[in-house]
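The structure is shown first.

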Amino acid sequence: MIKVLVTGGAGFIGSNLCEFLLAHDYAVVCLDNFATGKIENILSLLSQYPDRFKLIVGDIREFSDCRKAVEGIDYVLHEAALGSVPRSIKDPVTTNAVNIDGFVNMLVASRDAGIKRFVFAASSSTYGDSLLLPKVEDVIGKPLSPYAITKYVDELYADVFARTYGMEYIGLRYFNVFGRRQDPYGTYAAVIPLFVKQFMNHESPVLNGDGEYSRDFTYIDNVIQMNMLALLTSNPRAVNQIYNTAFGEQTTLNQLVEYLKEFLSEFDPTIADIKVLHGPCRLGDIPHSLASIDKARDLLGYKPKFCLRDGLKEAIGWYWKNLK
């Protein structure tokens, strides 16, 4: 039986990965300190798979916790990080400690344990001030936030460990992931769950700027597909690479709001009449983001199944059931 460690496994993306792996007969270890993850995300998994799912409450900033977590592990899916550009601007020290020091701890522990492959969450924020669209993996600009710096440094460290110690890695640059279990609460909630919650409460969401900033929103099932392809690929050319993880579709925030209203109105028609407010642009934000997924398609066989509209339908159904 293949044994996989998912760091940050109680978080939004991590818990979805744990759920998928367990449903497909993997043994899974979850390492989480619950700084942003939630025990509610994995409670059902702990009871459903007592023989194949193990929780280690620990912190990637503690090397002893990392070493304990990788014992007997075949593959690592490293999702643990402190996300959010605004949070990193407010607290760069903690962001650096988790995203760089913690990342290096996991690399060293994985190297020492003889892990077969280290797959990690990178970020589209790495593209920084590059104006090129669509974003291709080999062309980046200067970072626009401490968070962006940390995620790029992770890529550099992974590459050095591959060259120096013979480790195998694959980094996945996530583009605005959304879907079931993404937290709509808190200061740093992502835009889709935050707006869904506000519309459901008949509150007016606040768009940063004029709403014409655009993103490549990526449904969680596409992200799961990419992680599994990265985990299992036997193509030697595909290993020790960085890949965009996206759908390859550009959507403005104004368009997003209209989609949210459309789908939420199927449950509550009055939501269609809620007005949207506008505020200042957010410091550190990239104006436009659109991924080229050609590299992932060519080397990993990536075929994303959910465009934004299809993913939103799934996500809004989940939120309506679970937030209500």
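## Asn244

The side chain of Asn244 comes within 2.9 Å of the backbone oxygen of Ser292. The model is predicted: local features need pLDDT of at least 70, side-chain atom pairs count only at pLDDT 80 or more, and totals for chains, interfaces and linings use all residues. Residues are numbered from 1 along each chain as its sequence is written, and side-chain values use heavy atoms, with hydrogens and water left out.

A polar contact (a pair of N or O atoms within 3.5 Å; within protein, one must be able to donate a hydrogen and the other to accept it, and residues adjacent in sequence count only if both atoms are side-chain atoms) joins the side chains of Asn244 and Tyr127 at 2.6 Å. Asn244 lies in strand 11, residues 241–245 (strands are DSSP runs of E, at least two residues; helices are H or I, at least four; both are numbered from the N terminus). Asn244 has a relative accessible area of 0% and is therefore buried (under 20%, 1.4 Å probe, protein chains only).

## Nonpolar cores

A nonpolar core is a set of buried Ala, Val, Leu, Ile, Met, Phe, Trp, Tyr and Cys residues joined through side-chain atoms within 4.5 Å. The largest has 66 residues, and Leu21, Phe53, Tyr243, Leu260 and Leu264 have the most contacts inside it. Helix 8 (residues 220–232) supplies the largest share of this core, seven residues. A second, separate core of 29 residues includes Phe118, Ala158, Met167 and Ile242.

Terms used. Buried means under 20% relative accessible area, exposed over 50%, partly exposed in between (1.4 Å probe, protein chains only).
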